[in-house]
Amino acid sequence: MKLKSRLLTAFLIITALPIFLITIAVGTIARYQANSIEQTYDVKSDTIKLISNPLQILSRLTRGVYNEIVITAVHSPEKFEDEKYINYLNNELKGKYSYIVLRKGDNFIYSGDEEKLDNNKSYFPRYGEYKTDMEGGFYVDGKNPFLLKQQDFHFTDGTEGSIFVVTDVDTLVPQIKASAIQLACSLVFVVMLTAGVLIIWIYRSILRPLNTLHAATDAMKEGNLDYSIEGDPEDEIGQLCVDFEEMRIRLKELIEVRLKYEEDTKELISNISHDLKTPITAIKGYAEGIMDGVADTQEKQAKYIKTIYTKANDMSALVDELSFYSKIDCNTMPYTFANINLHDYFSDCIEELNLDLEVKNIEFIYENQTDHGLKVSADAEQLKRVINNIIGNSVKYIGSKKGLIKIQIKDIGEYVQISIEDSGQGIAEKDLPFIFDRFYRADASRNSTKGGTGLGLAIVKKIIQDHMGTIWAESEEGKGTTIYFTLKKSKEVI
Ligand code: ATP
Ligand code: MG
């Protein structure tokens, strides 16, 4: 999941989950408390009213008796001096957690619950202090909280009197307090739960891949390029892990290439020194032979000098080939590409080669299956070098026996394929994959008297690659070898 969607989801969870859970918690607690209020005070009302204004609901319990008191106070207040009437009123309130209190002047002359009255006397409003708009009574907080309704009147002797309907809310208040505490606890719980869930989620989705990345960078810092990591490309941090992994692979490849290059350079220096040392040793030996008088006849001296000359020539050829190879290998070879007509080009080539091969007792076959107007984009001189090198090898490895060389040209779509087949000694299977490596010479060739540096096919391969072509070989020991290469067709066709 993308970081953006993740943050959006986190926002939704932070807002929606607590609201949802708190609604459930409030609903459950409210219903539970409302039930218990209903059961305790035997009232029926809907949950919201019971919880939002329980005192008003409770005041309903005593509404009937209180209305009677109000009427009596207006029409026949003397009734309040009749104990029987007061007892009747008090009995009416029994079972409703309520009782009657009567005050004459400053003296309380009647109480339905003496004990509670003693504790609460000071809370009772004085004559005339009770507001008539307090229809539902008013709440008095104290040791035993209660709901109070008051009616003032005058006794027959003119003394100020007040009659009170007192409703105990002892049980109700702790219940409301408990509800508030439960609600606060559930709020804290819900918030902690949401935060916890989010922290785990964020840890898993953000911190974990970051830790993985951290471990990978540490490993890389210590030079360990094999520490591989995985990431989910669907999210940004996962994508970062994937990119990091690609960077690690690339870096590893680059280092491997560099190491291989260093290895190759060492090998190259060792090969060059070896290949130069052989003719130099020979030259030194023959020169010493002349100087020490070992070559005592004119004939011998002439032979020694000729050998020195040949070896010097070999060295010169080797140095030339080396300098050409290093030029081509460093990509400093200037190619002159042109659109060459394949048919004309090979016809000229074949004419030159035919003479040579005839002398060497080698039969030569040339087959061009392409359109005669076909052109390829190539450097004519370098292409000649390629053909000469391959044919040179064929001639060298056919040896003195009667042989055959066959050149075939085929159209293979975007490219033309040229194959040069010979009936020479062939190449052993184990050597075949390496013949295009520089300085590589198969054992059979190295042990023979046939000269060579092993650079010929390496040069050929590089030239073909610089022409955007490919080169490969097929061979069977004792039967012969075929070298294939491709050249890109030129767009221009006559
Ligand atoms: P150079 O071409 O530098 O004088 P070379 O001919 O030995 O020396 P390459 O042309 O690079 O080197 O060939 C590499 C090796 O591949 C040869 O030494 C030989 O063992 C083998 N090889 C190449 N062409 C043929 C062939 N036509 N028949 C048999 N072996 C071959
Ligand atoms: Mg060669």
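Colleague: What radius of gyration does the protein chain have, against that of a compact globule of 494 residues?

Modeller: This is a predicted model, where local features need pLDDT of at least 70, side-chain atom pairs count only at pLDDT 80 or more, and totals for chains, interfaces and linings use all residues. Residues are numbered from 1 along each chain as written, chains are lettered from A and ligands numbered from 1 in written order, and side-chain values use heavy atoms, without hydrogens and water. The radius is taken over C-alpha atoms, and the globule rule is 2.2 Å times the number of residues to the power 0.38. That rule puts a compact globule near 23 Å, but the protein chain has 57 Å.

Colleague: What does the C-alpha trace span along its principal axes?

Modeller: The chain holds 13 helices and twelve strands. These are DSSP runs numbered from the N terminus: helices are H or I with at least four residues, strands E with at least two. Along the principal axes, the C-alpha trace spans about 175 × 60 × 40 Å.

Colleague: What share of the 494 residues is buried?

Modeller: The chain exposes about 29,000 Å², by the Shrake-Rupley method with a 1.4 Å probe. Carbon and sulfur atoms supply 56% of that area. Of the 494 residues, the buried share is 38%.

Colleague: Which residues does Ile391 contact, leaving aside neighbours within four places in sequence?

Modeller: Ile391 belongs to helix H11, residues 380-398. It counts as buried because its relative accessibility is 3%. A contact means heavy atoms within 4.5 Å. With those neighbours left aside, the partners of Ile391 are Leu353, Leu357, Phe364, Ile405, Ile407 and Ile420.

Colleague: Is Thr194 buried or exposed?

Modeller: Thr194 lies in helix H7, residues 172-221. Not counting residues up to four places away in sequence, Thr194 touches Ile13, Ile14, Leu17 and Pro18. Its relative accessible area is 3%, so Thr194 is buried.

Colleague: Which element gives the largest share of the lining of the second largest pocket?

Modeller: A pocket is an open set of points on a 1 Å grid over the protein atoms alone, where a 1.4 Å probe fits, with protein on both sides within 12 Å along at least five of seven lines; lining residues have an atom within 4 Å of a point. The second largest pocket has 23 lining residues, with Asp264, Tyr325, Asp329, Asp437 and Arg438 nearest its centre. Helices H8 (236-291), H9 (298-329) and H13 (456-466) each give two or more of the lining residues. The largest share, nine residues, comes from H8.

Colleague: What is phi of Met468, and is this residue buried or exposed?

Modeller: Met468 lies in the loop between H13 and strand E11 (471-476). Most residues other than glycine have a negative phi. Phi of Met468 is positive, near 65°. Its relative accessible area is 58%, so Met468 is exposed.

Technical notes
Buried means under 20% relative accessible area, exposed over 50%, partly exposed in between (1.4 Å probe, protein chains only).
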